[in-house]
Amino acid sequence: MKLLVPVKRVVDYNVKVRVKADNTGVETANVKMSMNPFDEIAVEEAVRLKEKGVASEIVAVSAGPSAAQEQIRTALAMGADRGILVEHDGVLEPLVVAKILKALVAKEAPQLVLMGKQAIDDDMNATGQMLAALLGWPQGTFASKVEVANGEATVTREVDGGLETVTLKLPAVVTADLRLNEPRYASLPNIMKARKKPIEVVKPAELGVDPAPRLTVLRVEEPPKRQAGAKVASVQELVEKLRNEAKVI
Amino acid sequence: MAVLILADHDGSVVSQPTRSAVAAAQKLGEAHVLVLGEGAATAAAAAAALPGVAKVLLAEDPAYAHRLAEPVAALLLALAPGYTHLLAPASAAGKNVMPRLAALLDVQPISDVAGVVDADTFIRPIYAGNALATVRSSDAKKVMTIRAASFDPVPATGGAAPIEPVGAAASDPGLSRFVGAEVQKSERPELTAARVVVSGGRAMGSAENFRLIERLADRLGAAVGASRAAVDAGYAPNDMQVGQTGKIVAPELYIAVGISGAIQHLAGMKDSKVIVAINKDEEAPIFQVADYGLVADLFKALPELEAELAKG
């Protein structure tokens, strides 16, 4: 069984993002970039499925600038077999990425697409659901456990107030939540090996996809800052202030 | 112009985030609420009682009992021609189904809307709430999820909208099936709807110590939250997590105990009206957003706080 694992190049989660002075976006020049953490979890899950003998091949794909090859290499070092970069400079919205992935699914015929539930840059939480819709496949979003057997994927999902388990007929799309697994660090020998694994580069137009965005970003700004309040000296003072000043208890 | 809101409900009442979505819808046009499920008539009556709702659509069918994304998106697609905007609260259920609907409509969804500028222009947080983007959609229909903390919910009663049954959409594709659910049963208010939230962090040290948070919460009639660090350490279940990767809350009073205040946690609670921080590290970033900060050992402060509150 073949797995397709989309990975996105995003600003590293440890970087404190800064809004550009002209309010057109956030500063991404000279900022550390990494694989979206939720996608890393998806790659790890795919590699585990391969180690268990459930999956036979893992194809890591990314849609983004030429530099996104670095993130594909990271996936290859973790255990993916080969990569595809759909090269495009500029914004790629989830709808466009879903169309790109649909075209790649038509070419590669995977039984399962495993991906992060959302990217930590635009926080849209949409591409997996949209890909499933375009393919007419079932979706298992926010997965904290995935089991594949007998042509089905059983997915435990993180929902408000607890967990929910659904069974999906394969082929299917599953999106990874935080607690699905803890991604491994690639070992040096595997990083070396990953350099020899092939990455194919294609353009959205070759896949028949128009990359034009539907949303225009008019302005990006910092959220209003909260002012730090006062320190209180004791529990008694705290309760007094909450009762008589803030009047919230 | 009419706006359709997909309601979250528990079989009897619609959720508070749904009432916030109704409030957001009122800025866009006539609000219609879709209630679906099996035996959802009581919830439909609750939706009809929301002030400002013009019509409730009730879809009762076993296919919607567990709100699987595939049949629900198919139903919304069938209803979409009558609407300019299709909304859901940014809950697990809303986030699951709305992007699927958007793709079926060939529309780019707008997730987690925190502000309505006009019918095409919306404000939403990006980068874990570290920036706010104002975006204008060129799509003919808008598919959106609504960030509950950003809109004051409409009251639960006062309206009297008609309820109209709608048939099930084209046959259930049967792509997925519901196996089971493990729902935490609690007497405490729901985290995203609570007036007061008490949250504990890694400094709680153990799941047993976390009970101190629960006791304080019960004293205040509050919901219990946790930082990601506390959840990862196994002190609290995942669905208590407050933060960008967990729940977004905006209660009247938020008490953060033993939480340092990582950016990802702040993104989930900084819209709270009054924030109290109790932490023994006076340099902890949580104090930069707290209205009242107490530098103290939480194991001393929590019992004292409970005793002081008991004095009433």
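Visitor: What makes you say that helix α1 of chain B lies across strands, and which ones?
Guide: This is a predicted model. In it, α1 (residues 16-25) of chain B lies across β1 (2-6), β2 (30-37), β3 (53-60), β4, β5 and β9 of chain B. Contact here means C-beta atoms within 7 Å.

Visitor: How would you describe the direction of α1(B) against β4(B)?
Guide: The angle is about 150 degrees.

Visitor: What is the strand order of the seven-strand sheet, and why is it called open?
Guide: The order is β5-β9-β4-β1-β2-β3-β10 in chain B, with parallel pairing. At the ends sit the edge strands, β5 (110-113) and β10 (163-165) of chain B, each pairing on one side only. Going across this sheet, neighbouring strands are turned by 25 degrees against each other on average, direction ignored.

Visitor: How do you know that β4 and β9 of chain B pair?
Guide: Count the bridges. Strands β4 (residues 85-89) and β9 (residues 142-146) of chain B share five, in the parallel sense. Pairing takes at least two bridges, so these strands qualify. For one you can find on screen, look at Leu87(B), whose bridge partner in β9(B) is Met144(B).

Visitor: What makes the sheet with β13(A) in it open, and where are its edges?
Guide: First the order, which takes in both chains: β13(A)-β16(B)-β15(B)-β14(B)-β12(B)-β13(B), with parallel pairing. The edges are β13 of chain A and β13 (223-226) of chain B; each has a single partner strand, so one side of each has no neighbour in the sheet. The twist averages 20 degrees from one strand to the next.

Visitor: What joins β13(A) to β16(B)?
Guide: Three parallel bridges link β13(A) to β16 (residues 292-295) of chain B. With at least two needed, the two strands therefore count as paired. Ala230(A), for instance, has Tyr292(B) as its bridge partner. Helix α6(A) packs on this sheet too, touching β13 of chain A together with β15 (274-279) and β16 of chain B. The direction of α6(A) makes about 170 degrees with that of β16(B).

Visitor: Which strand of chain B is joined to β12(A), and in what sense?
Guide: It's β8 (residues 131-137) of chain B, running antiparallel to β12(A) and joined to it by six bridges. Within that pair, Val217(A) stands opposite Val135(B).

Visitor: How many residues does the contact take from each chain?
Guide: Chain A gives 63 residues and chain B gives 66. On the chain A side, β9(A) supplies the largest share, eight residues. That side divides into 35 nonpolar, 12 polar and 16 charged residues.

Visitor: Why are α5(B) and α8(B) called roughly parallel?
Guide: Helices α5 (residues 211-220) and α8 (residues 298-310) of chain B pack at about 15 degrees, with axes 10 Å apart. The cut-off is under 35 degrees, so α5(B) is roughly parallel to α8(B). Their crossing is left-handed. The contact residues split into six nonpolar, no polar and three charged.

Visitor: How do you know that the radius of gyration of chain B agrees with a compact globule?
Guide: For 312 residues, a compact globule would come out near 20 Å; chain B has 21 Å, which agrees.

Note on methods
Residues numbered from 1 in each chain as written. Chains lettered and ligands numbered in written order. Predicted model: local features only at pLDDT ≥ 70, side-chain atom pairs only at ≥ 80, totals over all residues. Axes fitted to C-alpha atoms, helices over the stretch in contact; angles between N-to-C directions. Helix = DSSP H or I, 4+ residues; strand = E, 2+ residues; numbered from the N terminus. Parallel < 35°, antiparallel > 145°, perpendicular 65-115°, else oblique. Left-handed = near helix turned anticlockwise from the far one by under 90°. Nonpolar A, V, L, I, M, F, W, Y, C, P; charged D, E, K, R; others polar. Contact = placed C-beta atoms within 7 Å. Rg over C-alpha atoms; globule rule 2.2 N^0.38 Å.
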